[in-house]
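Trainee: Could you take me through the aromatic side chains of this model, looking closely at how the rings sit together?

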Amino acid sequence: MELLEGIRTRRSIRKFDPRPVPSQLIRTMLEAAMYAPSARNAQPWHFVIIDDRQTLAAYGQKHPNAEMAREAPLGILVCGDLRLELSPGYWPVDCAAAVQNLLLAAHGLGLGAVWTGVYPREDRMNTLRQMCQLPREVMPHSLVLVGYPGESPPIPDRFREDRVHHQRFGQPYRFGA
């Protein structure tokens, strides 16, 4: 799949086929995630692979925005390690970049994925901290649910020319000029 096509066609998938995701595909997604940019190249991330049905179902029951976890065959918890930060406060940005790479890799591999927000919601962070027995310095950022797609959402046109400004806010940029 060509890169720009992959970016345009990636959708959040919330219904999954029950087939397990092979470990080689998990490795490929994580490798892509680890190629994300990070502040001062600190790469302050850790990834927890969750493929236990009971753990995923329990999280899906506790948090309504992640109810699809009850059916997803795989969850990847993206975490930031404060001990690895070289630029304090940037771990959430670094982890977000890793999540985006992971989502695009999943799509490119024929898998579906959805980004469920964890950080900065303390209740979600605490739930996953306990479920995954994270050390105090490791902050849960996002739970990405992954599997073979059980749906095909439409692909809208998202380009908004009114959100592009030239030199200063409110001055439209003229494409092709």
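**The aromatic rings**

Mentor: Let's begin with Tyr173, which counts as partly exposed at 33% relative accessibility; here buried means under 20% relative accessible area, exposed means over 50%, and partly exposed lies in between, with a 1.4 Å probe and protein chains only. Phe175 is also partly exposed, at 45%. Please keep in mind that this is a predicted model, so local features need pLDDT of at least 70 and side-chain atom pairs count only at pLDDT 80 or more, while totals for chains, interfaces and linings use all residues. Residues are numbered from 1 along each chain as its sequence is written, and side-chain values use heavy atoms, leaving out hydrogens and water.

Searching the whole structure gives three aromatic pairs (rings of Phe, Tyr and Trp, the last by its six-membered ring, with centres within 6.5 Å; planes under 30 degrees apart are stacked, over 60 edge-to-face, the rest tilted). One of them joins Trp91 and Tyr119 edge-to-face, with 4.6 Å centre to centre and 65 degrees between the planes. Trp91 belongs to helix α4 (residues 91-108) and Tyr119 to the loop between β3 (112-117) and α5 (122-131), so this pair ties together parts 28 residues apart in sequence. Helices (H or I, at least four residues) and strands (E, at least two) are DSSP runs numbered from the N terminus. Trp91 is buried at 6% relative accessible area, whereas Tyr119 is partly exposed at 35%. Back at Tyr173 and Phe175, the ring centres are 4.9 Å apart and the planes at 75 degrees, so that pair is edge-to-face. Together with Phe159, Tyr173 and Phe175 form one aromatic cluster.
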